[in-house]
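Hello,

Here is the structure I promised to pass on to you. Have a look at it first, and then read my notes below.

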Amino acid sequence: MKATKNSLLLLLAVLLIALTACSSTNKPGNGGNTNEGTDAASGNNEPAAPAETADPFGKYESPVTIHVGQANDPTDNSLPQGDTPENNQYTRHIKEQLNIDTKIIWRTATGKDYDQKVNLSIASDDLPDLVIVNDAQLRQMVKAGQVEDLTETFEKYASPAIKGIIEKTEGRALDAVTFDGKMMALPNVTARGDAVHTMWIRKDWLDKLGLEVPKTVEDLEKVAKAFVDGDPDGNGKPDTIGIAGQQAGGKLYANFLASSNNTFGLDPIFSAFNAYPGFWLEGEDGKPVYGSIQPQVKEALAKLRDMYASGAIDRELSIRKDAAEPVVSGKAGIFFGPFWMGYWPLPDAVKNDPKANWQSYALPLDKNGEFSPHMATPSTQFLAVRKGYENPEAALKLMNLLVRDEAKFDVSVTLNHYPVRIVYAPVDEIEYSLTALKEVLAGTKTAADLDIPGYKLLADDAAKVGKAKLEPFDNNDIQYWSTEDMGIWSRMYSIFVGGAPLLEKRNEVYSLVYSQTKTMESRWANLEKLETETFLKIIMGAAPIESFDKFVEDWKKQGGDKVTQEVEEEIKE
């Protein structure tokens, strides 16, 4: 699977340079939708233009129909009256710009319901023309010969912006979709900030109690206890929580199969012990080892057990129905999550208490005084094209258009109504945006300077940042923000406050693999259940710390050793 990764990367680099140099008409924001160099009408498998002049935004001369399967959030009511999942601002824009009609052949709820529907479609070999799948589903489809080879299609039709975004992943995105030297799907790319879980803390509570921002786990425990015992909300009642934890069904930490966006997990506490449960790491002998069975995890669990017993961690850890509720209601002082917590749950928290000064830090530090978070794979979703579909390039055109025009849409209408949308964001999107927006506030750059391919929201952010950030611009405390437009505030607060820790130096720890092996398909659910139950029992005092050793033995016997062997074989390929 990895054999031709370097050659593909080299080819991408050459194409990106060539297209950037000679295709100014395709830059985001300036059109690029002429019929010159467009594809042939629907039903003709051969594009009208030669590969070197194919237009990433070319409009079909005759309508092209794409049958898709779509996820449906049952709580989403964002569509305006009269609009439908098949007729809305996104589908109309696609029709106008590309002459593509999208037809939904099945709709189902998100999450497990969607996965089950996809699995059923795979098993019955009755797939939509385009479908969003996860890693395991993609592997199954490739093995069954159900997906179209997109190698040449990508070379011809991917826009410079998308090629640039994929190139910045240093081969990780391509590696995820390359089988026997062929590109078998389009990988999504997410900002690496999604994986960096930082410490969010009520700075106003620190100030009230005369405390400093906690740097180490020991400092964190002391501050959390002070938040519980010191009545920081001033209501005279012992009703505050130090560290909010995950809700029922939530994850203690991200893992190699779900490696980012783990809200309310305890990831940074584990990494402060250089412990990376759920990740595949390189052992001292150079061979892969599973992070969850390493001695550093036992050490971290012992500390978490002490913190829970002392009351520093929410007593309703893993059983609370809604992990965000204590934050929204103003009862929690610390939680862990990615940069985008300004989107949720902080807007509701600030509405309830405008003085709730939530700030984010790259903490706690490890024994070497460093911040060493685990990192995610940039690609967790894949857009696959049904084998034999007449216009596979349409998948590229849909994504090209989304990346180019996303900032033009009214995003109060959920973006998931864009047909088969997968996220394309430069891995450094938040860091780059934060640095650029600081320059806008300083007056050294304008929105016009930031119309940059790939950074699709940056120019719009630059035009709006002044509506949310107040002077002094170098102080991110809550009193120096305007919440008059909560939509603008949410994004800017996420970038400026949530993104600030991303500019700091860190040691990044990646998993050796982010996909399942054969034995995992039948054994992993039980192994993961064993792990989760054991660790929660240890933390909550229902099992002794010594039960960790028994867990390691059982994990190995129940398939862990076989899985480890398969991981070793995979990374050698």
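Let me begin with a pair of helices. The axes of helix α9 (residues 217-229) and helix α11 (residues 295-310) come within 10 Å and cross at roughly 15 degrees (axes are lines fitted to C-alpha atoms, for helices over the stretch in contact, and angles run from 0 to 180 degrees between N-to-C directions; helices are DSSP runs of H or I with at least four residues, strands are runs of E with at least two, and both are numbered from the N terminus). Therefore α9 counts as roughly parallel to α11, the term for angles under 35 degrees. In α9, Val217, Glu218, Leu220, Glu221 and Lys225 meet Lys303, Asp306, Met307 and Ser310 of α11, where contact means heavy atoms within 4.5 Å.

A note on the source: this is a predicted model, in which local features need pLDDT of at least 70, side-chain atom pairs count only at pLDDT 80 or more, and totals for chains, interfaces and linings use all residues. Residues are numbered from 1 along each chain as its sequence is written, and side-chain values use heavy atoms, with hydrogens and water left out.

α9 also lies across β7, β8 and β11, at about 165 degrees to β8. Those strands belong to an open sheet of four, ordered β8-β11-β7-β12 with mixed pairing (two strands pair if DSSP finds at least two bridges between them). Its edge strands are β8 (241-243) and β12 (358-361). Within the sheet, β7 (residues 198-202) and β11 (residues 332-337) run antiparallel, joined by four bridges, and Met199 has Phe336 in β11 as its bridge partner.

Elsewhere, β1 (residues 64-72) and β2 (residues 100-109) pair in the parallel sense over nine bridges.

Best wishes

Terms used
Angles under 35 degrees count as roughly parallel, over 145 as roughly antiparallel, 65 to 115 as roughly perpendicular and the rest as oblique.
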